[in-house]
Amino acid sequence: MVQSSSPMVVVANRLPFIVKKDENGVLVRKQCAGGLVTAVAPVVVETRGLWVGWPGLHKEDNLEYIPESSPDDKSPTAGLKSEQVIPVMLPRQLFDDYYNGCCNACFWPLFHSMPDRALFQSDKWQAYLTANKEFAARAVDAVKKIHAEQPDAVPLVWIHDYQLMCAANFIRNGCEAEGIQVKLAFFLHIPFPSWDMMRLFPWDDELLQNILGADSIGFHLEDYCFNFLDCCQRRLGCRTDRQKMLIKHNARLVTVHPLPISIPYERFQSLAQVAPAVVKNNPEEQILLGVDRLDYTKGLVHRIKAFERFLEKHPEQIEKVVFIQVAVPSRTDVKEYQELKEELDMEIGKLNGRFSTANWSPIRYIYGCISQEQLAAFYRDSSVALVAPLRDGMNLVAKEFVACQTKEPGVLVLSPFAGAGSSMAEALQVNPYETELYADTINRAITMPKEERELRMSLLKKREREKDVNYWLESFLESVNCDCKNTSGRLSP
Ligand code: GDG
C-alpha cells in the first residue's frame, strides 16, 4: 500500500459511498468505489485521516449518523470507520443551484471548451461559493479533530475536482484562524481550459484566486498546467515560472504538477482472467466497444455516425461485426442530457433499422450500468475499443481496456482530445469530428494484422502496468513533499 507520512483529509463532492435506508428503514452504506477511491481510501484509513463529502442526502433528510460498514463488506472503504467520515449536508435548493446550476451547467461545458453550452448565472455562482464554504468549514472541523488527536502532525488536505475549486482558500483561512498548520493540495479531474475560455467566465479573477489558496495544484497533463499558469499570469498578473511550474501569489509560492491519473491495473487484469465469455452471434464475430457516461463530451453521436459510414463503405463487414455501446445514465434530471439521450436513441434506431438483417443487428445498446466483471469481459473479448471523446480530462476506459486485453490482442482507437491520447501513443488516433477518416480508422482497426496488434498492445500494456493508480498516488505524495523543500526558494526572474 502507498504510504503517507501525514494524516490525509480528502475533501470531495461525494463520500466514497452513499448513505441510504434499506428495506427495513435502517441506514446502510451503498458502495460506489471507482479506482480513485480504491487507491486513496486505504491511505486515509492508514494515516488515521478523514473523508469529507456529500453522503447523497440533504439537510432536510436529517441524517442522524453515518452507518459503519457491514461485516461482509470487502470494499476498499470497509476500513473507514464512521468517525472518519464527515458528511456535508446542504439544503436541497442550495445543493441543486451549486451542483446542477453551476458545476454542471457552467464549469463542465466551459472547462471542456464548449462555451456555447455554458450558462453564466450570478446566483448559481453565489450558491457555488456558499457550498464551497460549507465543505471548507467541515474540512476545518476535520483538521481540528486530527490536530486534537495528533498535535505534532501537519495534516495533508487533498481537495478534488471542479465542484470544489474555491475550497482551498476557505480552508486556508479557517485553519489560519485556528492557528493550525496544514498542507493544501488540489487536483482537477477534468481539463483546465485555455485563457480564451477562462476569460468568458465573468468571475474568473475570484475563481483563480481561490484555486491559488492551495499550496500544490495537480492537473492530468502538462498542457492543462500551462493553461492554468497562463490564466494566473494574464488575469491576475502573477509572476510564473513555466519551467519550474511555480506561481507567485500574495507572497506565497504555489506549485503546479502534471499528474496523469490511472487505474488499478492488476484488479482489472484479474477480473478479465476470470470473467465469463461474452456471448457472440458466431465465434468469428468481432466486437467493437464503447463505454461512457452518457455525456455530450464523449462524442457518442459522432461515433454512431462514423460506424454508419463504416458500414456503408464496407458492406462486407455486415453480420461480421457488432458494436456494443454501454452508456451509463448521467445527470438525468438535466434537459441537455435528456435531449442527448433522445438523439442517441434516434440515431441508433435509425442505423439498426437500416442495416439489421433477420439474424443480426449492428448495434447492441446498453443504457445502464453493468457490473465491473461484465465490463472486464467486454473489454477482454472486444477486437476494438472506440474511445473518441470530443474532450476529456484523461479517460480511464482506454486504460481499463488495455489492462483487460488478456486474450487475443485488440486495437484501441483513441481521440487526441482525451488526456489519455497524449501518452497512449500506440493507439490508432482518430479525430471524432472527421467522419470519413473515423470510418476508415475503424476499418483499419478491424482488419489490422495480428503482429501489429500484438506489438501495439504489448507496448500499451507495459506503460499502463508500470504507471497504475498507485504510481499516480505515490507521485502526488512525492510532489507534495518536494514542494515543502522547493518553495522556500525564489522565483527566477
Ligand atoms: C472524470 C473525467 C477522468 C463506465 N461504465 C460503467 C462503469 N464505468 C466506469 C469506467 C471508468 C469510469 O466509469 C469512467 O471514467 P472516465 O475517465 O472514462 O470518465 P468520467 O466519468 O467522465 O471521469 C475523466 C476521470 O474523471 C478520472 O480523473 O479520466 O476525464 O471526466 O472507470 O470503468 N463501471 C461499471 N459499469 C459500467 O457500466 N461498473
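## Core, sheets and ligand shell

Modeller: In the largest nonpolar core there are 154 residues, and V9, A139, V157, L412 and V413 have the most contacts inside it. Helix 3 gives this core its largest share, 11 residues.

Biologist: What makes a set of residues a nonpolar core?

Modeller: Its members are buried Ala, Val, Leu, Ile, Met, Phe, Trp, Tyr and Cys residues, joined through C-beta atoms within 7 Å. Buried means that 20 or more other C-beta atoms lie within 10 Å of the residue's own; exposed means 12 or fewer, partly exposed in between, with C-beta atoms placed from the backbone.

Biologist: What kind of model is this, and how are residues numbered?

Modeller: It is a predicted model: local features need pLDDT of at least 70, side-chain atom pairs count only at pLDDT 80 or more, and totals for chains, interfaces and linings use all residues. Numbering starts from 1 along each chain as its sequence is written.

Biologist: Which residues is A139 in contact with?

Modeller: Neighbours within four places in sequence are left aside; A139 then contacts V9, V11, V52, V157, A167 and I171. Contact requires C-beta atoms, placed from the backbone, within 7 Å.

Biologist: How do you know that strand 1 and strand 6 pair?

Modeller: Two strands pair if DSSP finds at least two bridges between them. Strand 1 (residues 8-14) and strand 6 (residues 156-160) have four, in the parallel sense, so they pair. V9 stands opposite V157 in strand 6. Strands are DSSP runs of E, at least two residues, and helices are runs of H or I, at least four, numbered from the N terminus.

Biologist: What does the nine-strand sheet look like?

Modeller: It is open and mixed in pairing, with the order 5-4-1-6-7-8-11-10-9. The twist averages 20° from one strand to the next.

Biologist: Why do strand 5 and strand 9 stand at the edges?

Modeller: Strand 5 (85-87) and strand 9 (239-241) each have a single partner strand, so one side of each lacks a neighbour in the sheet.

Biologist: What makes strand 4 mostly covered?

Modeller: Five of its five residues are buried.

Biologist: Which helices lie across this sheet's strands?

Modeller: Helix 3 (residues 122-149) lies across strand 1, strand 4 (50-54), strand 5 and strand 6, at about 165° to strand 4. Helix 7 (residues 222-236) lies across strand 8, strand 9, strand 10 and strand 11, at about 155° to strand 11. Axes are lines fitted to C-alpha atoms, for helices over the stretch in contact; angles run from 0 to 180 degrees between N-to-C directions.

Biologist: Why is N250 called exposed?

Modeller: N250 has 10 C-beta neighbours inside 10 Å, which falls under "12 or fewer", so N250 is exposed. N250 sits in the loop between strand 10 and strand 11. Its phi is near 50°, a positive value in a residue other than glycine.

Biologist: What makes A251 exposed?

Modeller: A251 has 5 such neighbours, so A251 counts as exposed too. A251 is in the loop between strand 10 and strand 11, with phi near 65°.

Biologist: What about the six-strand sheet?

Modeller: It is open and parallel, in the order 14-13-12-15-16-17. Strand 14 (363-367) and strand 17 (428-429) are the edge strands, each pairing on one side only.

Biologist: Which residues come nearest to the ligand?

Modeller: H189, C369, G393, M394 and L396, out of 21 around it. A residue is near a molecule if its C-beta atom, placed from the backbone, lies within 6 Å of it.

Biologist: How does the shell divide?

Modeller: Into 11 nonpolar, seven polar and three charged residues. Ala, Val, Leu, Ile, Met, Phe, Trp, Tyr, Cys and Pro count as nonpolar, Asp, Glu, Lys and Arg as charged, and the others, Gly among them, as polar. Strand 12 (286-293), strand 13 (321-328), helix 11 (372-381) and helix 12 (397-404) each supply at least two shell residues.

Notes:
Two residues are in contact if their C-beta atoms, placed from the backbone, lie within 7 Å.
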